[in-house]
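Welcome, and thanks for taking a look at this one with us. Here is a short tour of some helix packing and a few loop residues.

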Amino acid sequence: MSASGRTSSATAPLARRRLLVGAAAGAAALTAGGCARGASTSAQPGTTSISNDNATWDDGYRAAGRELEKITGYALRPLSNPSVTSYQQVVQMTLQTSKASDLVKWASGYQLKRLARAGGLTDLTHVWEGYAAKGWVRGTSREAVSYRGKAFGIPLYESYYVLFYSKPVFRKLGLSAPGSWDQLLHCAEVLKRNGITPFLASQVGGWPAIEWFQELVSKVDPDFYGRLVAGEASYTDEPARQAMDIWHDFMRRGWMTPPDFDQARGPGALKEGTVGMFLHGTWQASGMSAAGMKPGTDYGAFILPTVRPSTPKSVIAESGVFVVPGRASSHEAATANVSAWLTPSVQRVWSDFLQDSSANPTVRAGNPVVAELQRDIARNRRTALVRYWEASPPSLIQGNTNDLGGFMAGQTSPATTLRRMQERAHGEWAAWKRDEA
């Protein structure tokens, strides 16, 4: 990719080959030096190893593993690599070797499709169908874990993108969680008038730049969002232009934090009352607790209202997955554990650890704020839309995320940003389909 994120069709295949060669060399070096906190991926009786990129979840894996062991006889042994880049490289380079772990945490959607396309994953369709027969998975999420009709992943969790808000600040200013777009604008005006930044918006770390884009496009027109991420609509179409204009207006009014505001400071900013609302995944509930905030007392959460009352209601959903390498040293044990992962007793422990919603829709969240969001989604029959990060070919998403970050930093206008995103979409969708042939 060039600095602008655009690659000509003539140079794209060569650029991709060079990228893969570089990744292979880097991953080989990382593998030789060890990448998972010094732990071994070799088989250990009575356990299945899990490669993952989030060491803060290790205790949760172990706790859920103790419940799994009661069912399957196998506990979970997390192997954590804190570097996302090196983690992804190592997984892709070891997947079809004896170095692969028993279970691998991965992203769903096109991230999973790209991994499955390379080969080396176990077909888990029979596991998925067993869960579906029990009502332990949402049928609408099947596509996000599948490639060419076969399911290669089992949902690891399910998070929703919502606006956390400070209950003490809202009470003090006589505000309540908005149920309409006009009420949302009223809340923002009152907060700003009282010296409080209404919304947290960040591009720190790169990927957070997608959050307001996916939210606003889906709340302008959720059907358009679905067609856009499927390559069936244009980024320069009216719904996308309207969403970007709203976003630009929010920034112009001073309703959003500077783009270099680190989201890690979000819970503290809500607690201090310097920011009124924080758009993020429901997995952030654990961050609220870490900041000493009590759910339902110190913070609440709501789903962004639709721009027009008549617009169908939706929610952006995120779900990681477990995949099983075909050459896993403890393949039988790994398959047994993914086949029992969504058992309610296991999910109760896992959901409580995350303070988030379970991928099993029959398991109610222990966190009361998240539980109320689950009820809202069911009551309003909200359509679950795949998070933008996983919803299209990875190279397209990465380039467009960079463009959105530039827009947040004031480097490009809404129209220029969308034009660049569409130019990239044209080339990257053609490349994806060409590689599929």
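## Helices α5 and α13

On the α5 side the residues are H126, V127 and Y131, and they meet T335, V338, S339 and A340 in α13 (contact means heavy atoms within 4.5 Å).

Helix α5 covers residues 125–134 and helix α13 residues 331–340; their axes come within 9 Å and cross at roughly 25 degrees. That makes α5 roughly parallel to α13. Angles under 35 degrees count as roughly parallel, over 145 as roughly antiparallel, 65 to 115 as roughly perpendicular and the rest as oblique. Axes are lines fitted to C-alpha atoms, for helices over the stretch in contact, with angles from 0 to 180 degrees between N-to-C directions. Helices (H or I, at least four residues) and strands (E, at least two) are DSSP runs, numbered from the N terminus.

## About the model

This is a predicted model, in which local features need pLDDT of at least 70 and side-chain atom pairs count only at pLDDT 80 or more, while totals for chains, interfaces and linings use all residues. Residues are numbered from 1 along each chain as its sequence is written, and side-chain values use heavy atoms, leaving out hydrogens and water.

## Helices α10 and α17

Helix α10 (residues 238–252) packs with helix α17 (residues 414–436) at an angle of about 135 degrees, their axes 9 Å apart. The two are therefore oblique to each other. Their contact divides into four nonpolar, two polar and two charged residues.

## Loop residues

What is the phi of R148 near? It is near 50 degrees, a positive value in a residue other than glycine. R148 sits in the loop between β4 (146–147) and β5 (150–151), and R148 is exposed at 60% relative accessible area (exposed is over 50%, buried under 20%, partly exposed in between, with a 1.4 Å probe and protein chains only).

S358 belongs to the loop between α14 and α15 and, at 3% relative accessibility, counts as buried.

Conventions. Nonpolar A, V, L, I, M, F, W, Y, C, P; charged D, E, K, R; others polar.
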